[in-house]
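Thanks for making time this morning. I would like to walk you through a few local details of one model, so please keep the sequence and the structure open while I talk.

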Amino acid sequence: MNTAQDSQWMARAIRLAERGLYTTSPNPRVGCVLVKGDAVAGEGWHQRAGEPHAEVHALREAGDAARGATAYVTLEPCSHHGRTPPCVEALIEAGVARVVVAAQDPNPQVAGAGIARLRAAGIAVESGLMETEARELNIGFFARMTRGTPWLRSKIAMSLDGRTALNNGKSQWITGAAARRDVQHWRARSCAVLTGINTVLADDARLNVREIESSRQPLRVVLDSGLQIPLSARMLQPLPSPAGGRGAGGEGRGLIYIAAQHAEKSTMLRDLGAEVVMLPDAAGRVDLVAVLRDLAQRGCNEVLVEAGSTLNGALLRAGLADELLLYLAPQLLGDAARGVAQLGELTGLEQRIDLGWQDIRQVGEDLRVLAKVKKD
């Protein structure tokens, strides 16, 4: 039975895990607090893949005080040898008396084995405290481990009447500076930023993190069936590597998915440092499901889509979009302006796409709405 104090310490562990929001990919964001009596003996969070996990940081800080303590961990301690030794062994050797876990690790290499190992060593284990919060913090990691595709979040800047650009394609800027800066935080937490070739041709977007401090850059991805991308596109330009920067996807380099072979241009793009991958579907377009599976294989947990109505519509129609990140500007652009997503004509309300509100707040003069796509 968990107590109010248990909830207090687990909430602290989750706040610690949040410190790794931009840095831990492809690993999960994890926090750990060691408590002895009514005081913190040690605490830590996972900072980067390949470096010590949260439990190890907490145990090092606690030293001998870890013996007999309770460990609050936001994710089940690992039980396998990866780039670091298993955390369950460290907890057992340190002599902790009790472990409270928020969520079981969805990684098939762990998936309950860590909890079982602790119990076999005579350590009391409780699981499920603040599980929702812990899972939400690692929504992409859970998606990649359980279904083999990343969590797909579409960012859309729109007017109050649901328009994303004028009919002539002009869209800069619908939202204000505060909203555009806020987007940088969502890019920073994502493993990849994905767009379509029409957006590249219209906006020549860089798709990188800027204006805020970040130790890594997301992989920049474009879906380009006919390989129309100009060699001068800004998303192909190399980015300066931040000090100590690491992350899934190769530090912001360009990744282009195509549907047909274009040998000469592909070679030129590779000479620029981009990667070109052919993944066609039966209709001669880029296979969206194959793209997401490939990104998952590359260690991408969260993918931020910044695209126009064509790609947004395709992802929604295919049931691949998980979440919409909407920035609503207090303005009207009229019926002739472009909409959010090309869904085709719906002939019955049962064909609609339902959303569930997650968060609504004001950012500068705009509203930011986070809504999950409801799926069967």
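This is a predicted model: local features need pLDDT of at least 70, side-chain atom pairs count only at pLDDT 80 or more; totals for chains, interfaces and linings use all residues.

Let me begin with Asn-138, which touches Pro-28 and Arg-29, leaving aside residues up to four places away in sequence, where contact means heavy atoms within 4.5 Å. Residues are numbered from 1 along each chain as its sequence is written, and side-chain values use heavy atoms, with hydrogens and water left out.

Asn-138 sits in the loop between α5 (131-137) and α6 (139-147); helices here are DSSP runs of H or I with at least four residues, strands are runs of E with at least two, and both are numbered from the N terminus. Is Asn-138 buried or exposed? Asn-138 counts as buried because its relative accessibility is 4%, the cut-offs being under 20% relative accessible area for buried, over 50% for exposed and partly exposed in between, with a 1.4 Å probe and protein chains only.

By cavity I mean a set of points, on a 1 Å grid over the protein atoms alone, where a 1.4 Å probe fits but cannot get out, and lining residues have an atom within 4 Å of a point. The volume of this largest cavity is about 50 Å³, taken as the space filled by probe spheres set on the points, which are joined across faces, edges and corners. Helix α6 supplies the largest share of its lining, 3 residues.

Most residues other than glycine have a negative phi, and most peptide bonds are trans. Glu-211, although not a glycine, has a positive phi of about 75°, and this residue, in the loop between α8 (197-203) and β8 (219-223), is exposed, with a relative accessible area of 53%. Leu-227 likewise has a positive phi, near 50°, but Leu-227, in the loop between β8 and β9 (254-258), counts as buried at 4% relative accessibility.

Key: On a 1 Å grid over the protein atoms alone, a cavity is a set of points where a 1.4 Å probe fits but cannot get out, and a pocket is an open set with protein on both sides within 12 Å along at least five of seven lines; lining residues have an atom within 4 Å of a point.
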